[in-house]
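The sequence and structure are shown first.

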Amino acid sequence: MRKRIFNNFKTLLSSASNNIFHVNKLHSYPNFTKNVYQVNRGPYKSLEEHHLTFFRDVLGENGMIVDLCDLEKYNVDFTKQLRGCSTLVLRPTTTQQISKILSFCNHNHLAVCTQGGNTGICGGATPVFDEVILSTELMNKVIHLDELSGVLTCEAGCVLQQLNDFLVERDLMMPIDLGAKGSCQIGGNLSTNAGGIRLYRYGNLHGNVLGLEVVKADGEVLDCMNTLKKDNTGYHLQHLFIGSEGTLGIITKVAIQCAPKPKSVHLLFLGAQNFTKVLKAYKKARYDLGEIISAVECMDHQTMELVEEHSELSSPIGPYPFYLIIETSGSESVHDQKKLEGYFNGCMDKHFILNGVVATSAAQREKLWSIREGIAHSMYQDGYVFSYDISLPFSSYYDFVTEMREYMGKKAHRVFGFGHLGDGNIHLQISIKEFSNEILNYIEPHIYNRVDELHGSISAEHGIGFLKRKYLPKIKSSENLSTMRKLKMLMDPKGILNPYKVL
Ligand SMILES: Cc1cc2nc3c(=O)[nH]c(=O)nc-3n(C[C@H](O)[C@H](O)[C@H](O)COP(=O)(O)OP(=O)(O)OC[C@H]3O[C@@H](n4cnc5c(N)ncnc54)[C@H](O)[C@@H]3O)c2cc1C
C-alpha cells in the first residue's frame, strides 16, 4: 500500500499549485440585482448629507468608504452574480460605534446590510438597493484565550484562518474549517451557521458557541458573552443570532469552544468506480476508523475535470468516476496509520475503491485539500453557475445529480456534484455560458420541489440569503414562518436589518 501511495504522491506534488484561495479580481460587473430579479425597493430613506455628517462624526473619515470604485467590491457578491448599488460602506472598530450607527439608522429609517468577508454564496451579504453596508472588517481583535478550557473570545471581524493560525501556535484549533477561511470572518460564519469540513467531528456552531455580544436594530447592546460550558439560566438568546443572516442583529463578539490540535492527522484520497461503492467505502470507514474520522468529502469526475481545466491542480491518482476524501485526526500516529492501512486494504479487497493515496505530512495534506478547496475558485470561471447546497438522504444523494444532469440535457454546460458526504450535504452545480432567466425558471422551482419530495433541505449550510428567499414559504410551515416573522418584528420592527433577505 505504502509504495503505491508514495509513488502517487510524486505526481501530486509536481502537478499541484499553491493552495492559497484567491478571490478573482473583478473583470466585469454583473447587472444590478434589483433589475435582474425585479425587486421593489422598500420604504427606506435615501442617504442625505446630514446622515453622512453623523457617520463621519462617529467613525471619522477613515471609517467610511464613499468612492464608487472602492465601493464596488462591497457591492458585488463573491460569485460576481449579484450587485447592489450602495453608496456608503461604514467600517466601525467598536461595539459602541455600531450601537450609535444602528440607533441612528433605526431612527432615520435607513436600511443596513451587514457584511463580513463577503464569501457567502446566496446573496445575503451584498445590498440589493442602496442599503448602507456595515463592514466588520476592522473589528478583528482576539480578546482572550483560556488555554486550559480552550475558550476563545474575539471580535466578529476576525478572519477564520487568522484565528486558526493563532490557535495552532497554542496547540488548539477552530472547530470549523471551510474553503473560504482566508477571507470569511467568524461573525459571518456564525450568522450563516456555517458548516464546512470539521462539522462531521465537532458538530455545528450552535454546539461550539458559548456566548455572543450582539447589537440590536435599535442600537441596544445585548451582552450574552457567556464563557461557561454549562449555563442553563433562562433562554439561550445567543442561539437566535446563529444562522440569522444579519436580519436580527449584528454580532460584535463571540466566545467559542476550540478543539485541541490533533497530534496525528492523515488524509486519504480514494478513487471509486461508482457512487454505490463510495457509500460502501464510507460505511466501512465509519466502522473501521470510527473515533478518528474527522472529515468525509466526495466529488464526481466532472468536478475533478473542472478543477483540472481551470487550475494547475490534478487528481493525484489519475481519473476515476468518483473520489472520496477521508481525514483522520487522532493522538497516536502509529495507531492511526495501522488502522488506515487495514481500512485501505479492506476496501481494495472488496473493490469498494480502485486506488488511493494517503497524505501524512501537513504539506501533503494541504496539497490534497487544495483540490477540494479549489473547486469554488474553478467553478466561477466556468460561466454562470446555478449553485445548490442541499441535504439529501444517502438513498438519493448522488442520484439527484444524475437526475438533474438528464433534466438539463444540452441546456447546461456542466452538471456536477461534490460535498460533505459525511453530513449528507451535496453541492449540486449547474454551469451555463451566461445567466438566462429562461434557464433559471427551468431549474427553479423544479429543483426545490424535487428536494422537498426527496425529504431533503434546500439549504444545508449556506443559508437563505437573497437567492432562496422566495422558496422559504414553500418549505416552512405557516406556523414556523409566522413565528419567524414575529421574532423579526420584535427584534427589528422597522425592518432596517438586511431587508430583501431570508423572510
Ligand atoms: C470557497 C468557498 C468555500 C465555502 N465553503 C463553505 C463550507 O464548506 N461551508 C459553509 O457553510 N459555507 C461555505 N462557504 C460559504 C461562506 O464562506 C460561509 O457562508 C461563511 O460563513 C460566510 O462568512 P463571511 O464572513 O464571508 O460572511 P458574509 O458573506 O459577509 O455574510 C454572510 C451573511 O452573514 C451576515 N453577517 C456577516 N457578518 C455578520 C455579523 N457580524 N453580524 C450579523 N450578520 C452578519 C451577512 O449579512 C450575510 O447575510 C464557502 C464559500 C466559498 C467562497
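Helix H11 (residues 275–288) and helix H13 (residues 333–349) pack with their axes 10 Å apart, at an angle of about 150 degrees. H11 is therefore roughly antiparallel to H13. The contact is made by Ala281, Tyr282, Lys284, Ala285 and Asp288 in H11, which meet Lys339, Tyr343, Gly346 and Cys347 in H13. By class, this contact has five nonpolar, one polar and three charged residues.

The structure is a predicted model, in which local features need pLDDT of at least 70 and side-chain atom pairs count only at pLDDT 80 or more, while totals for chains, interfaces and linings use all residues. Residues are numbered from 1 along each chain as its sequence is written, and side-chain values use heavy atoms, with hydrogens and water left out.

Helices and strands are DSSP runs numbered from the N terminus (helices H or I, at least four residues; strands E, at least two). Axes are lines fitted to C-alpha atoms, for helices over the stretch in contact, and angles run from 0 to 180 degrees between N-to-C directions. Angles over 145 degrees count as roughly antiparallel, under 35 as roughly parallel, 65 to 115 as roughly perpendicular and the rest as oblique. Contact means heavy atoms within 4.5 Å. Ala, Val, Leu, Ile, Met, Phe, Trp, Tyr, Cys and Pro count as nonpolar, Asp, Glu, Lys and Arg as charged, and the others, Gly among them, as polar.

A second pair is formed by helix H3 (residues 49–59) and helix H5 (residues 95–108), whose axes come within 10 Å and cross at roughly 165 degrees. H3 and H5 are therefore roughly antiparallel to each other. Their contact divides into seven nonpolar, four polar and one charged residues.

Seven strands form an open antiparallel sheet in the order E15-E12-E14-E13-E17-E18-E16, where strands pair if DSSP finds at least two bridges between them. Strand E15 (355–359) and strand E16 (384–391) stand at the edges, each with a single partner strand, so one side of each has no neighbour in the sheet. The twist averages 15 degrees from one strand to the next. Eight bridges join E16 to the antiparallel strand E18 (residues 425–432), and valine 385 stands opposite serine 431 in E18.

| Helix | Strands touched | Direction angle |
|---|---|---|
| H12 (residues 301–310) | E12, E13, E14, E17 | about 100 degrees with E17 |
| H14 (residues 362–373) | E12, E13, E14, E15, E17, E18 | about 45 degrees with E12 |
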